[in-house]
Amino acid sequence: MPAPSRRPASPADKADKELLFKGVTCALIGLVVLIAPYVARSPGVQDIMAQSALVGWFALVLGGAFLVRYAMRRAAASKARRRP
């Protein structure tokens, strides 16, 4: 029985995976910072987290931008593979 053929990971694949990881991580951090004032029990923590809402929005937008860039790269790679 022949061994399954695996192609080695190319630098572009590794860069795509890193971009996806960065996007998901930044988006999650942004969501946590934005949601934290509503779930925090201490009024002091609520105030601190409410003051960092701008940072939360920035992280969320940055994560979204990374995810859009990841989707664009994957679409371009898929289109390039389909071309004869």
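This is a predicted model: local features need pLDDT of at least 70, side-chain atom pairs count only at pLDDT 80 or more; totals for chains, interfaces and linings use all residues.
**Overall fold**

The secondary structure consists of three helices and zero strands, and the order along the sequence is α-α-α. Of the 84 residues in the chain, 19% are buried. Among contacts with a separation of 6 or more, 71% join residues 24 or more positions apart. The accessible area of the chain is about 6900 Å², and carbon and sulfur atoms supply 68% of that area.

Helix H3 covers residues 53–82, which is 30 residues. From its first C-alpha to its last it reaches 43 Å, close to the 44 Å expected at 1.5 Å a residue. Its buried residues are Gly56, Ala59, Gly63 and Tyr70, and H1 is included in what covers them.

Side chains of opposite charge can pair when their charged atoms come close. The count of salt bridges comes to one. In that pairing, the side chains of Arg73 and Asp16 meet at 3.0 Å, N to O. Arg73 lies in helix H3 and Asp16 in helix H1, so the pair ties together parts that are 57 residues apart in sequence. Asp16 is buried, because its relative accessible area of 7% falls under the 20% cut-off.

| Residue | Relative accessible area | Class |
|---|---|---|
| Asp16 | 7% | buried |
| Tyr38 | 72% | exposed |

**Surface of helix H1**

Tyr38 lies in helix H1, which covers residues 11–39. Tyr38 is classed as exposed because its relative accessible area is 72%, and the exposed class begins over 50%. Tyr38 also belongs to a nonpolar patch on the surface, together with Leu20, Val24, Leu28, Leu31, Ile35 and Val39. Together the residues of this patch have about 690 Å² of accessible area.

**Met49 in helix H2**

Helix H2 covers residues 43–51 and contains Met49. Leaving aside residues up to four places away in sequence, Met49 touches Val33, Ala36 and Pro37. For one of these, Val33, the separation from Met49 is 16 residues in sequence and 6.7 Å in space, C-alpha to C-alpha.

Terms used: Residues are numbered from 1 along each chain as its sequence is written. Side-chain values use heavy atoms; hydrogens and water are left out. Helices (H or I, at least four residues) and strands (E, at least two) are DSSP runs, numbered from the N terminus. Contact means heavy atoms within 4.5 Å. Patches are made of residues with over 30% relative accessible area and no salt bridge: like charges are joined within 9 Å, nonpolar side chains (Val, Leu, Ile, Met, Phe, Trp, Tyr) within 5 Å. Accessible areas come from the Shrake-Rupley method with a 1.4 Å probe; for residues, only the protein chains shown count as cover. A salt bridge is a side-chain nitrogen of Lys or Arg within 4 Å of a carboxyl oxygen of Asp or Glu. Buried means under 20% relative accessible area, exposed over 50%, partly exposed in between (1.4 Å probe, protein chains only). The expected span of a helix is 1.5 Å times one less than its number of residues.
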